[in-house]
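Subject: Handing over the structure

Hi,

Here is the structure I promised to pass on to you. Please have a look at it first, and then read on for what was found in it.

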Amino acid sequence: MILIELSLFFVLYTNISNHQINEVLDGLLARGSGHRDVLEKKFDQTTMEHVALMETEAITDVVITDERGEILASSSGLDNYQEKLIQSYGQTEKEEDSIIEREWKTAPYVATLSPIEIEGERKGYVYMFSPSTVIRNLTSYLSNQFIFVMALTLIITLIVVFTLSKLITKPLIRMKEETEKLSRGETTVELNDHYNDELGVLARSINKLSEDLERMKQERNDFLSSISHELRTPLTYLKGYADIASREHTDEANKRKYLDIIKEESEKLASMVQELFQLAKMDENTFTIQPEICEIKPLLIQAEESMYPIFSKNKIAVTNTCPSGLCFYADPVRFKQVIVNILENVIQYSGPDSNVHIAVINQTAEVEIKIKDDGPGVPEDSLPHLFDRLYRVEKSRSRELGGSGLGLAIVKEIVKMHGGSVKAKNEKGLAIIMKWPKEGDL
Ligand SMILES: Nc1ncnc2c1ncn2[C@@H]1O[C@H](COP(=O)(O)OP(=O)(O)OP(=O)(O)O)[C@@H](O)[C@H]1O
Ligand SMILES: [Mg+2]
């Protein structure tokens, strides 16, 4: 800004001072030609003296010479410089009025020359002199004024720039401090977000970031404590049954039974760890799906068939009304995992002799897949939490009903990754309703 101001001032100063200097020189030239015009009308001694007399009171001097440079009249006594100048222009061929000295910085006078011509014959010259001090005073006055204004402008600029930058940097420094606090693990950040500009947007983002961090910290703590709870139960079983099985007086049949339980529990643990691992990968976005356009019905049938032995053991009847040829956009392997997770729940929670109905409805951009059983369903207030991690309606970690509460959380993540949605509803039993996109660009 200061550079721009300085260069503008420089241009302005040069223009104004040049203009003023030209004005002085032009004025001198005009005066000289005025005298010349008078003399061309009447070129005699009286007129010459008259002209000289007119200049005696002015700061300028006039000198009238004949055509050879002999001085005929002058308004004041001439000094060396003036005489030399007149001598050097004594017999000039100059036809027109001209400025013969314009070096006001070095010469004591600026001077003009106007030739007198009567009926085409050169009769003499009118010299006009103006002391250079006039111009010097003018320019020094001008430069003083400029220096004063320039200094004032610079001071104002500096004050404005400093206050503005303070105003801008102050909130930025606050933000820097607050984000440093965030990185140290403190999450109580409160920035003033009333600014109606980019700073406000930034402050709001930082506030939101701190809230998110706080929430994630809370979630992580909750999750870790639930996990340790969840792991403790099967581990207690394992330890308990291993203790009993290793006692000497336990008979063979019981030992076998306990070992079976130990095997079952460790399998459960392994699958829980596997599921947790999958969810962690989903959170990190390293869990990949390979969706493609595929037909739904065969996939549903494959999933059902894989569970057929357990269905028949529990006398659960499955009906499927999926239309043939209906396609959607999904990763077949993950889709089957979703269906198996839901069907496993039916086996686990709706009891033997129940019925499951799978209905697929073709909608404009999606397909709706509804899997409904006729079991007891879940209490209404549990519905919104079914898809939360580690959430179970039956809180007691009994061995029969003890799932880990991760199956539906995985279902939700997979459906979400495909761009679909899932919800649960009580309809004389539990109904899981999913929407899958028919086309996609994942
Ligand atoms: N068909 C159903 N009928 C009644 N309750 C259900 C049904 N499906 C799920 N639930 C309830 O929802 C809870 C969460 O189910 P989810 O599948 O997420 O976990 P889980 O079955 O307990 O464990 P996991 O599937 O990881 O082995 C279950 O604990 C159960 O209480
Ligand atoms: Mg389950």
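Which residue in E5 does Ile64 stand opposite? The residue is Val126, and I will come back to the strands around it in a moment.

First, a word on how to read everything below. This is a predicted model, in which local features need pLDDT of at least 70, side-chain atom pairs count only at pLDDT 80 or more, and totals for chains, interfaces and linings use all residues. Residues are numbered from 1 along each chain as its sequence is written, while chains are lettered from A and ligands numbered from 1 in the order in which they are written.

Helices (H or I, at least four residues) and strands (E, at least two) are DSSP runs, numbered from the N terminus. Strand E1 covers residues 61–66, and it is largely enclosed by the rest of the structure, because 5 of its 6 residues are buried. A residue is called buried if 20 or more other C-beta atoms lie within 10 Å of its own, exposed if 12 or fewer, and partly exposed in between, with C-beta atoms placed from the backbone.

Two strands pair if DSSP finds at least two bridges between them. E1 pairs with strand E5 (residues 121–131) in the antiparallel sense, over 6 bridges. E1 also runs antiparallel to strand E2 (residues 71–74), and 3 bridges join them. In E2, Ile64 has Ala73 as its bridge partner. E1 and E2 make a hairpin with 4 residues between them, and Gly69 in the turn has a positive phi of about 95°.

Glu40 sits in helix H1 (residues 2–41). It counts as partly exposed because it has 17 C-beta neighbours inside 10 Å. Leaving out residues up to four places away in sequence, Glu40 touches Ile116, Glu117 and Ile118; contact here is C-beta atoms, placed from the backbone, within 7 Å. Glu40 and Ala409 are 369 residues apart along the chain, and their C-alpha atoms are separated by 114 Å.

Helix H5 (residues 198–246) has 49 residues and reaches 70 Å from its first C-alpha to its last, close to the 72 Å expected at 1.5 Å a residue. The expected span is 1.5 Å times one less than the number of residues. Among the buried residues of H5 are Leu199, Ile206, Pro234 and Tyr241. The buried residues of H5 pack against helix H4 (132–183) and helix H6 (252–283).

H6 has 32 residues and reaches 46 Å, close to the 46 Å expected. Its buried residues are Tyr258, Glu265 and Leu276, and what covers them includes H5. Just after H6, Asn285 takes a positive phi of about 65°.

The loop between H4 and H5 holds Leu191. Leu191 counts as buried because it has 21 C-beta neighbours inside 10 Å. Apart from residues up to four places away in sequence, Leu191 touches Arg174, Met175, Glu178, Ala203, Ile206 and Asn207. Leu191 and Pro171 are 20 residues apart in sequence and 8.6 Å apart in space, C-alpha to C-alpha.

Most residues other than glycine have a negative phi. Lys315 is not a glycine, yet its phi is near 55°, a positive value. Lys315 lies in the loop between helix H8 (308–313) and strand E7 (317–320), and with 10 C-beta neighbours inside 10 Å it counts as exposed. Leu390 has a positive phi of about 65°. Leu390 is in the loop between strand E10 (366–373) and H10, and it counts as partly exposed, with 18 C-beta neighbours inside 10 Å.

**Around ligand 1**

Of the 23 residues around ligand 1, Asn345, Val393, Gly403, Gly407 and Leu408 come nearest; a residue is near a molecule if its C-beta atom, placed from the backbone, lies within 6 Å of it. The elements that give two or more residues to this shell are helix H9 (332–349) and helix H10 (407–417). H9 gives the most, with 4 residues.

Best wishes

Note on methods: Two residues are in contact if their C-beta atoms, placed from the backbone, lie within 7 Å.
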